[in-house]
Every structure is written in C-alpha cells, then in structure tokens.
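Hi there,

Here is the structure I promised to pass on to you.

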Amino acid sequence: MTAIQFYASLNLSKLIDYRGMLPEATSPHIASLLIVCLSLSISAVCLRGLRGRDFHDFAPRLLGITGASAIAAISFHMILYHL
C-alpha cells in the first residue's frame with residue numbers, strides 16, 4: 001500500500017509540475033513528499049479505528065485503501081505519460 005501511494009504521489013507531483021501549477025521555488029520532489037505524507041496520514045486515520053479488531057474488519061478496509069491508491073496511481077500514470 002505504501003509503495004503504491006509513493007508512486008501515485010510522485011506521478012501526481014510530476015503532473016502538477018508539467019501543467020505549471022507549482023510555484024517556481026517548489027521542487028516536484030518536495031510536493032511529492034507532502035502528498036505522500038497526506039495520503040499516508042489519511043490511511044492511518046482510516047485504519048486507526050480498527051486497531052485491535054479481528055482480521056475480518058481490518059482486511060477489507062486495507063484492501064479498499066490499496067485499491068483506491070492503485071487506481072489513483074494508474075490514472076496519474078496514464079494522464080502523465082500518455083498526453
């Protein structure tokens with residue numbers, strides 16, 4: 001899940017930089033780091049309520065977050081490299 005979120009944030013920051021929406025002094029790598037911190041924080045908040053519960057409650061939510069991250073990563077990749 002974390003690797004997928006890293007890849008999605010890297011592609012999103014490259015896409016934002018390609019479109020010229022980053023300020024001049026901001027590096028795409030710093031923007032990528034901020035995006036991945038935000039996405040990991042949101043994932044942690046979503047999973048925090050399931051701490052200590054059994055596998056049947058935790059796994060579906062984790063798979064949902066992973067699936068959403070994968071869809072975002074594929075979408076950003078397709079938009080960025082197939083313009």
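Below are my notes on the helix packing, the cysteines and one serine.

Before anything else, please keep in mind that this is a predicted model.

Let me start with helix 1 and helix 3. Helix 1 covers residues 2–18 and helix 3 covers residues 55–81. Their axes come within 8 Å and cross at roughly 30°, and the crossing is left-handed. On the helix 1 side, the contact is made by Ile4, Gln5, Tyr7, Ala8, Asn11, Leu12, Lys14, Leu15 and Tyr18. Facing them from helix 3 are Ile65, Thr66, Ser69, Ala70, Ala72, Ala73, Phe76, His77, Ile79, Leu80 and Tyr81. By type, the residues of this contact between helix 1 and helix 3 are 14 nonpolar, five polar and one charged.

Helix 3 also packs against helix 2, which spans residues 28–48. Here the axes are 10 Å apart and the angle is about 160°. Angles over 145 degrees count as roughly antiparallel, so helix 2 and helix 3 are roughly antiparallel to each other. The crossing of helix 2 and helix 3 is right-handed. Helix 2 contributes Ser43, Cys46 and Leu47 to the contact, while helix 3 contributes Phe58, Arg61, Leu62 and Ile65. The residues in this contact of helix 2 with helix 3 split into five nonpolar, one polar and one charged.

Now to the cysteines. How many disulfides does a search of the whole structure find? The search comes back with zero. Cysteine 37 is partly exposed, with a relative accessible area of 41%. Cysteine 46 is partly exposed as well, with a relative accessible area of 34%.

Is serine 13 buried or exposed? Serine 13 is buried, because its relative accessible area is 0% and the cut-off for buried is under 20%. Leaving aside residues up to four places away in sequence, serine 13 touches Leu22, Pro28, Ala31, Ser32 and Ile35.

Technical notes: Residues are numbered from 1 along each chain as its sequence is written. This is a predicted model: local features need pLDDT of at least 70, side-chain atom pairs count only at pLDDT 80 or more; totals for chains, interfaces and linings use all residues. Side-chain values use heavy atoms; hydrogens and water are left out. Axes are lines fitted to C-alpha atoms, for helices over the stretch in contact, and angles run from 0 to 180 degrees between N-to-C directions. Helices (H or I, at least four residues) and strands (E, at least two) are DSSP runs, numbered from the N terminus. A crossing is left-handed if the near helix is turned anticlockwise from the far one by less than a right angle, and right-handed if clockwise. Contact means heavy atoms within 4.5 Å. Ala, Val, Leu, Ile, Met, Phe, Trp, Tyr, Cys and Pro count as nonpolar, Asp, Glu, Lys and Arg as charged, and the others, Gly among them, as polar. Angles under 35 degrees count as roughly parallel, over 145 as roughly antiparallel, 65 to 115 as roughly perpendicular and the rest as oblique. A disulfide is a pair of cysteine sulfur atoms within 2.5 Å. Buried means under 20% relative accessible area, exposed over 50%, partly exposed in between (1.4 Å probe, protein chains only).
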